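Me: I'm new to this and would like to learn how to read a protein model. Could you walk me through one, feature by feature?

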Amino acid sequence: MSGAGTPDFFYREAQRLGYVARSAFKVACQSLGPLKNGGAVVGIDLKKVKVPPLYCDSRVQTVCADVMKLPKNQVRALSPRQKGFSVVLSDMCPLVSGITTRDAALSAELGMQALGLAVGRAATAHLDEIRTDRLLNDSVCTADDNGILQPGGHLVIKLLESEDNKEFSRICKPLFRKASWLRPKATRSSSREIYLICQGLLS
């Protein structure tokens, strides 16, 4: 739905094509290519999500769970050959309260959790000089030092626009070959959502 409450183009297209939601236009399982190419897409959500059979094959699966309460090795075990993923997409967003600062802080915490899940303890190496103590959590500081993202892999994190976004850039830039911001066309005009695109995890 658009900011005015009326169906926008992406909402109508999602309905027409049988996608679960308009957010399907931000990522696509079709990126796997032909079945012979192999690969896998694993979606983890707090709610049970049905895989659209018209556009996804047996390489796509969904898991109903809290990804932040799953041990990294358990998440990694869902990847091809259990060696981690080449791409990690975090579309997590807090329940918006309407209080801008509170919502932004919760979004930043989720983003930091996603970063910790992806790169593991490597994220903490760049926190000492940055005021992100309140963002540091069990997802970053765990006994499992390795994240679920393979070296050379890519990470996408959804955040709500705030001052914390600058801190995220400062943390991620030393970890990846490139880090940049993107606001997808499928994002509603009234939304504060923005995506941090991190390409090429350095080993």
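**Cysteines, sheet and helices**

Reply: Let's start with a sulfur pair in this predicted model. The sulfur of Cys 198 has its closest cysteine sulfur in Cys 172, 3.9 Å away, which is too far for a bond.

Me: How many disulfides does the structure hold?

Reply: It holds 0 disulfides. The cut-off for counting one is a pair of cysteine sulfurs within 2.5 Å, and the 3.9 Å between Cys 198 and Cys 172 is too far for that.

Me: Is Cys 198 buried or exposed?

Reply: Look at relative accessible area: under 20% is called buried, and over 50% exposed. Cys 198 is buried because its value is 0%. Cys 93, at 32%, counts as partly exposed.

Me: What elements does the chain have, and in what order do they run?

Reply: There are 4 helices and 6 strands. Starting at the N terminus, the run is α-β-β-α-β-α-β-α-β-β.

Me: What is the order of the strands in the open sheet?

Reply: Here's the general idea: strands of a sheet pair through backbone hydrogen bonds, and they can do that in a parallel or an antiparallel way. In this open sheet, 4 strands sit in the order S3-S4-S6-S5, and the pairing is mixed. S3 (85-90) and S5 are at the edges with a single partner strand each, so one side of each has no neighbour in the sheet. On average, neighbouring strands here are turned by 10° against each other, ignoring direction.

Me: In which sense do strand S4 and strand S6 pair?

Reply: S4 (residues 149-160) and S6 (residues 193-201) pair in the antiparallel sense, over 6 bridges. To see one of them, find Leu 159: its bridge partner in S6 is Ile 194.

Me: What does Lys 178 touch, leaving out residues up to four places away in sequence?

Reply: Lys 178 lies in strand S5 (residues 176-182), and it touches Ile 197, Cys 198 and Gln 199. Take Cys 198: in sequence it is 20 residues from Lys 178, yet their C-alpha atoms are 5.8 Å apart in space. Lys 178 counts as partly exposed because its relative accessibility is 44%.

Me: Which strands does helix H3 lie across?

Reply: H3 (residues 100-119) lies across S3, S4, S5 and S6, and runs at about 170° to S4. Helix H4 (residues 164-172) also packs on the sheet, where it touches S4, S5 and S6, and its direction makes about 5° with that of S6.

Me: How many residues of H4 are buried?

Reply: A general point about helices: an α-helix has 3.6 residues a turn, so residues three or four places apart point the same way. H4 itself is mostly covered, with 7 of its 9 residues buried. Among them are Phe 168, Ile 171 and Cys 172. The buried residues of H4 pack against H3, S4, S5 and S6.

Me: What is the mean pLDDT of the chain?

Reply: The mean is 80, and 76% of the residues reach 70 or more. Over residues 1-5 the pLDDT is below 50, and that stretch has 9 contacts beyond near neighbours in sequence. Residues 129-143 are also below 50, with 37 such contacts in the model. Where pLDDT is low, the predicted coordinates should not be read in detail.

How values were computed. Residues numbered from 1 in each chain as written. Predicted model: local features only at pLDDT ≥ 70, side-chain atom pairs only at ≥ 80, totals over all residues. Heavy atoms only, no water. Helix = DSSP H or I, 4+ residues; strand = E, 2+ residues; numbered from the N terminus. Buried < 20%, exposed > 50% of the residue type's maximum accessible area, 1.4 Å probe, protein only. Contact = heavy atoms within 4.5 Å. pLDDT = per-residue confidence, 0-100. Pairing = 2+ DSSP bridges. Axes fitted to C-alpha atoms, helices over the stretch in contact; angles between N-to-C directions.
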